[in-house]
Amino acid sequence: MNEMVINFFQGVLVGLGASIPLGPIGVLCVQRTLSKGRNSGFISGMGAAFVDTFFAALAIMGLAYIQALIKSHESYFLCVGGLLVVFFGLKIYLSNPVKQIRQANFKKRRVEDFLSVVLLTISNPGALFLILGLFALVNPNINTIAGSFAISTVLWGVFAGSGLWWYSLSTGISVFRNKFRLKQLWMINRVSGIIIMALGLISTLKGIWIFIAPYLHYF
């Protein structure tokens, strides 16, 4: 039992470590919390938590082939993922915060919030490699023959840790949400959109560089 508790909290550490870095997903969740409320930001974050748990399952099962496949096609993942991030950044930049607030209670918007972040997170190979590194750091005492209960305990820990971060972030941001006026929300949309587009552009350029670098020695 004590070993299961340790495994769970090691999973929590992995989930927190994978979620806390405020990349484009973090900026997106902050923007949605301010524009559409805490639930939108939290549900968006849970999309990332879902994919992080999936990546953790891959890491635990030791699917070296999938890791090698992603690594060998890293440039394509970076380019496609980067362009998706740029697209979402542009969408945020052009969005109307008044319209978002009015639509905040529609359930279909919640599904859209969740799925859009799932798509963004799963297109980012860096998330998988980050989780692999975190597992190497915490070194949970499990393996492929450890049993489904031991493995699921770690995965539930990853999901709980990631979910805890997104709940804390969305709740903390929501506390200050009512202090923002419409003009400030417009500015937040603009700044958030620019930051997300910049991060996506950096990812795309990195992917292009990885693709063309081997050919540069011919010149």
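1. A residue counts as buried here when its relative accessible area is under 20%. Lys36 has a relative accessible area of 11%, so Lys36 is buried. Keep in mind that this is a predicted model.

2. Now for the overall fold. Read along the sequence, the pattern is simply α-α-α-α-α-α-α-α-α-α.

3. Some totals to go with that picture. Of the 219 residues, 42% count as buried. The protein exposes about 12100 Å², and 72% of that comes from carbon and sulfur atoms. Take the contacts between residues at least 6 apart in sequence: 91% of them join residues at least 24 apart.

4. Which residues are linked in a network of salt bridges? They are Arg32, Lys36 and Asp113. The structure holds two salt bridges. Side chains of opposite charge can pair when their charged atoms come close.

5. Take the Arg32 bridge to Asp113, where the closest N and O atoms are 3.7 Å apart. Arg32 sits in helix H2 (residues 24-36) and Asp113 in helix H7 (residues 107-122), so this pair ties together parts that are 81 residues apart in sequence.

6. Then there's Lys36, whose side chain meets that of Asp113 at 2.8 Å, N to O. This pair also links distant parts of the chain, with Lys36 in helix H2 and Asp113 in helix H7, 77 residues apart.

7. Buried or exposed: what about Arg32 and Asp113? Both are buried, and for Asp113 the relative accessible area is 0%.

Key:
Residues numbered from 1 in each chain as written. Predicted model: local features only at pLDDT ≥ 70, side-chain atom pairs only at ≥ 80, totals over all residues. Heavy atoms only, no water. Salt bridge = Lys/Arg side-chain N within 4 Å of Asp/Glu carboxyl O. Helix = DSSP H or I, 4+ residues; strand = E, 2+ residues; numbered from the N terminus. Buried < 20%, exposed > 50% of the residue type's maximum accessible area, 1.4 Å probe, protein only. Contact = heavy atoms within 4.5 Å. Areas by Shrake-Rupley, 256 points an atom, 1.4 Å probe, with all protein chains shown as cover.
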